[in-house]
Amino acid sequence: MAIPVIDFSKLDGDESEATLAELAAGFEEWGFFQLVNTGIPDDLLERVKKVCSDIYKLREDGFKESNPAVKALARLVDQEGEGLAMKKIEDMDWEDVFTLQDDLPWPSNPPSFKETMMEYRRELKKLAEKLLGVMEELLGLEEGHIRKAFTNDGDFEPFYGTKVSHYPPCPRPELVDGLRAHTDAGGLILLFQDDRFGGLQMIPNRGGDGRWIDVQPVENAIVVNTGDQIEVLSNGRFKSAWHRILATRDGNRRSIASFYNPARMANIAPAIPAAAADYPSFKFGDYMEVYVKQKFQAKEPRFAALANK
C-alpha cells in the first residue's frame, strides 16, 4: 500500500477533472499525498539538497556532542552493559532541526544557503496557495476563503515557516524515534523529503485499518499533508493524519517541511456544515498553547479543551 503520487501539472490540462478527483481522495481519504511536476524547477530542488547537506556537515559535531537524545541513548546503552532493563526513550527525538522564517536570523554558512532557501520558499509558497484554492473548490467555498480565515480577513499575515531537519544514523533505532507520532497543528504542510532514505510513515484517514504506511521516497516530489486547522475549517472532511519518522541505522535522512499556517490571532471556525457536531471556534494562538503541551497525544482532547473555553 503506497500513498498517492499525483501529477500536479495535469490540473490545468485535459485531465483536470480526474486530477481534481485524485486530489480530493488525497485530502479526504489519505491526509497525505505526493505531488510531482509541481512547477518548481528541478535545478532549484537539486540546489536545496546540496545546501541542506552542506549545512548539516557544519552542524553534525554539535548534534553528536550535545543533542539530548544522543546523550540519553548513550546512557541507556551503558545501562544495558551493566545488565539493567532497557526502556525506549519516550520524550525525545533523534533529530537535528532548525527553523527558517523571513523575519528571523538565517545561517550565514554555507554562503549560498540563504539565497537558495529563500528562492525555494517563494516557490513553495506559490504552490501552497494554489493548493488552498484546490481545497476551496473541493469544499465548495468561495475563492480566497481559507486565506481570509488564516489572516482574519486581511488583518494579519499567515505564518509561513520552514523546518530543516536531518535524522542521522542511529545505532539503536529500536530505542528512540526519529520523530514521535503526531498530527500537525496548523494548516497546509509541504515536505521535500529525502529521495534516498525512507522513514516517514503515516496512518491513512480511511481504509488503512490503523496501520502505519511508508511514505515512499519519490525523487523531487513534494509531500502534502493537512493540519488540525484544515480539519476544523472543513468540519472534519479533511482530517489531519497521524505521522512519524523512524530512526534508522543507515543513511542521514533529510526532511524540509514548510508550514502555511494561520496567524496566531486568526479566528478559526468550521466553514461548512456537517451531519455530526461541529468543531469548536477559537483563536489559533489559543490552540497552539494547548498543542505545545499535547502534541504527541490524541488530538480530540485538544479540540475539546478549546470548546470548553
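Reader: How many disulfides does the structure hold?

Author: A disulfide is a covalent bond between the sulfur atoms of two cysteines. This is a predicted model, and it holds zero disulfides. To count, two cysteine sulfur atoms would have to be within 2.5 Å.

Reader: Is C52 buried or exposed? And C170, buried or exposed?

Author: Go by relative accessible area, where buried means under 20%. C52 has 0% relative accessibility, so C52 is buried. C170 is at 1%, so C170 counts as buried too.

Reader: C52 sits in a helix, I think. Which residues of α2 meet α4?

Author: From α2 come L44, L45, R47, V48, V51, C52 and I55. From α4 come F113, T116, M117, E119, Y120 and E123. By class, this contact has nine nonpolar, one polar and three charged residues.

Reader: How do I describe the packing of two helices?

Author: Two packed helices are described by the angle between their axes and the distance between the axes. Take α2, residues 42–66, and α4, residues 113–139. They pack at an angle of about 135 degrees, and their axes are 9 Å apart. That angle makes α2 oblique to α4.

Reader: Is the crossing of α2 and α4 left-handed or right-handed?

Author: The α2 and α4 crossing is left-handed.

Reader: At what angle do α1 and α4 pack?

Author: Helix α1 spans residues 16–30. Helices α1 and α4 pack at an angle of about 90 degrees, with axes 11 Å apart. Angles of 65 to 115 degrees count as roughly perpendicular. So α1 and α4 are roughly perpendicular to each other.

Reader: Which residues of α1 and α4 meet?

Author: L20, L23, A24 and F27 of α1 meet L131, V134, M135, E137 and L138 of α4. The classes are eight nonpolar, no polar and one charged.

Reader: How do α7 and α8 pack?

Author: Helix α7 covers residues 284–294, and helix α8 covers residues 300–307. Their angle is about 145 degrees, with the axes 10 Å apart. Here α7 passes α8 in a right-handed crossing. On the α7 side, D286, Y287, V290, Y291 and Q294 make the contact. On the α8 side, the residues are P301, R302, F303, A305 and L306. By class, seven are nonpolar, one is polar and two are charged.

Reader: What comes after α8? Where is N308?

Author: N308 lies in the segment after α8. Exposed means over 50% relative accessible area. N308 has 67%, so N308 is exposed.

Reader: How far apart are N308 and P280 in sequence and in space?

Author: Keep the two separations apart. N308 and P280 are 28 residues apart in sequence. In space, C-alpha to C-alpha, N308 and P280 are 8.8 Å apart.

Reader: And how far apart are S53 and R254 in sequence and in space?

Author: S53 and R254 are 201 residues apart in sequence, but 7.9 Å apart in space, C-alpha to C-alpha. S53 lies in helix α2. S53 has a relative accessible area of 33%, so S53 is partly exposed.

Reader: R254 again: which residues does Q193 touch?

Author: Set aside residues up to four places away in sequence. Q193 then touches Q34, L200, V215, Q216, P217, V223, R253 and R254. Q193 is in strand β6, residues 188–193. Its relative accessibility is 2%, so Q193 counts as buried.

Reader: Now the backbone. Which peptide bond is cis, from N109 to what residue?

Author: Read omega. The peptide bond from N109 to P110 is cis, with omega near -5 degrees. P110 is in the loop between β3, residues 96–100, and α4.

Reader: What is phi of D153?

Author: Phi of D153 is near 60 degrees, a positive value in a residue other than glycine. Look for D153 in the loop between α5, residues 145–151, and β4, residues 159–167. D153 is exposed because its relative accessible area is 59%.

Reader: What is phi of N220, and is N220 buried or exposed?

Author: Phi of N220 is near 60 degrees, again positive in a residue other than glycine. N220 lies in the loop between β8, residues 213–214, and β9, residues 222–226. N220 has a relative accessible area of 12%, so N220 is buried.

Key
Residues numbered from 1 in each chain as written. Predicted model: local features only at pLDDT ≥ 70, side-chain atom pairs only at ≥ 80, totals over all residues. Heavy atoms only, no water. Buried < 20%, exposed > 50% of the residue type's maximum accessible area, 1.4 Å probe, protein only. Helix = DSSP H or I, 4+ residues; strand = E, 2+ residues; numbered from the N terminus. Contact = heavy atoms within 4.5 Å. Axes fitted to C-alpha atoms, helices over the stretch in contact; angles between N-to-C directions. Parallel < 35°, antiparallel > 145°, perpendicular 65-115°, else oblique. Left-handed = near helix turned anticlockwise from the far one by under 90°. Nonpolar A, V, L, I, M, F, W, Y, C, P; charged D, E, K, R; others polar.
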